[in-house]
Amino acid sequence: MSETNHLILVVEDDADTAQLNARMLKRKGYDVLLAYSAAAARAFVHEYAPDLIVLDVGLPDCDGFTLCKEIRQGSDAPVLFLTGRKTTKDKITGMDTGGDYYLTKPCSTDEFIAVTKRLLQKAQQEKDRLNQAAKEAAVITQGPLTLMLPENAALVNGCNAKLTPKEFAVLLLLVKNKGKELTSKVIYENVWGTEMNDDKNAIRMHVSRMKKKLGTDNIDGFSILTGYGGGYTFTTM
């Protein structure tokens with residue numbers, strides 16, 4: 001692919017128009033796929049997941065509005081309608097079926113390229129926002145304690161406490177229930193996924209080892225308290 005790393009699918013049944021648009025896009029550094037029918041467009045969307053789709057309405061095997069609705073079921077790629085259909089009703093239908101912008105033929109090269117660039121920028125900004133949100137959701141910070149969920153790692157002041165998977169699961173459960181005392185039975189059933197029965201010492205041993213690794217007796221900012229009834233509470237100061 002080119003330096004832009006953007007792949008654009010042009011869906012247009014007129015070969016001359018399709019190739020003209022493709023040349024304009026390629027001169028701007030974009031990679032281009034050409035589809036002359038809805039069937040070809042569906043296959044390209046499925047196989048290549050283009051970053052933007054330039055879509056005509058008048059296709060030989062399906063109208064572009066219907067195709068846009070189908071594409072929207074499995075793709076968030078922006079759709080730019082580029083068509084000779086100019087009525088207000090057509091423009092509204094294009095937006096209602098999932099289109100992001102509607103240009104009518106003939107349009108200037110500068111307008112076509114400007115809209116294409118802006119739609120790609122907006123799509124990239126949304127991807128970046130969602131990726132950042134996903135990263136933030138995968139990290140829990142409580143004072144000096146940081147839980148990295150994908151790695152099952154607990155960091156205290158940036159240092160990995162090297163908890164076992166079970167120890168991490170117990171800590172995560174306590175942190176998610178901050179300020180609430182959880183009984184050994186509740187912890188066991190949530191972490192081990194079965195009834196505790198007579199295995200009461202398992203939680204005590206895991207919590208004891210976990211606290212030692214975290215250094216809770218020698219650090220400020222958070223603590224794991226043991227209740228009179230044998231329950232455990234995660235707190236921050």
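User: How many bridges join β1 to β2?
Analyst: 5 bridges join them. Strand β1 covers residues 7-11, and the two strands run parallel. Keep in mind that this is a predicted model.

User: And what stands opposite V11?
Analyst: A35 in β2.

User: In what order do the strands of that open sheet come?
Analyst: The order is β2-β1-β3-β4-β5. That makes 5 strands, with parallel pairing.

User: Which strands stand at the edges?
Analyst: β2 (31-35) and β5 (101-104). Each has a single partner strand, so one side of each is left without a neighbour in the sheet.

User: How much are neighbouring strands turned against each other?
Analyst: By 20° on average, direction ignored.

User: Which strands does helix α4 lie across?
Analyst: Helix α4 (residues 88-96) lies across β4 (79-83) and β5. Its angle to β5 is about 145°.

User: Switching to helix pairs. At what angle do α1 and α5 pack?
Analyst: About 65°, with the axes 11 Å apart. Here α1 is residues 15-27 and α5 is residues 109-137. The crossing is right-handed.

User: Which residues make the contact?
Analyst: From α1, they are N21, M24 and L25. From α5, they are T109, F112, I113 and T116.

User: Now α6. What should its 12 residues span?
Analyst: Helix α6 (residues 165-176) should span 16 Å at 1.5 Å a residue. The C-alpha atoms at its ends are 16 Å apart, so the two values agree.

User: Which residues of α6 are buried?
Analyst: The buried ones are E167, F168, V170, L171, L172, L173, L174 and V175.

User: Why mention that?
Analyst: Most peptide bonds are trans, and most residues other than glycine have a negative phi.

User: What is phi of A49?
Analyst: Near 45°, a positive value, and A49 is not a glycine. A49 is in the loop between α2 (38-48) and β3 (52-55).

User: Is A49 buried or exposed?
Analyst: A49 is exposed, because its relative accessible area of 54% is over the 50% cut-off.

User: And where is N152?
Analyst: N152 is in the loop between β7 (145-148) and β8 (153-156). Its phi is also positive, near 55°. N152 is partly exposed, with a relative accessible area of 38%.

Technical notes:
Residues are numbered from 1 along each chain as its sequence is written. This is a predicted model: local features need pLDDT of at least 70, side-chain atom pairs count only at pLDDT 80 or more; totals for chains, interfaces and linings use all residues. Side-chain values use heavy atoms; hydrogens and water are left out. Helices (H or I, at least four residues) and strands (E, at least two) are DSSP runs, numbered from the N terminus. The expected span of a helix is 1.5 Å times one less than its number of residues. Buried means under 20% relative accessible area, exposed over 50%, partly exposed in between (1.4 Å probe, protein chains only). Two strands pair if DSSP finds at least two bridges between them. Axes are lines fitted to C-alpha atoms, for helices over the stretch in contact, and angles run from 0 to 180 degrees between N-to-C directions. Contact means heavy atoms within 4.5 Å. A crossing is left-handed if the near helix is turned anticlockwise from the far one by less than a right angle, and right-handed if clockwise.
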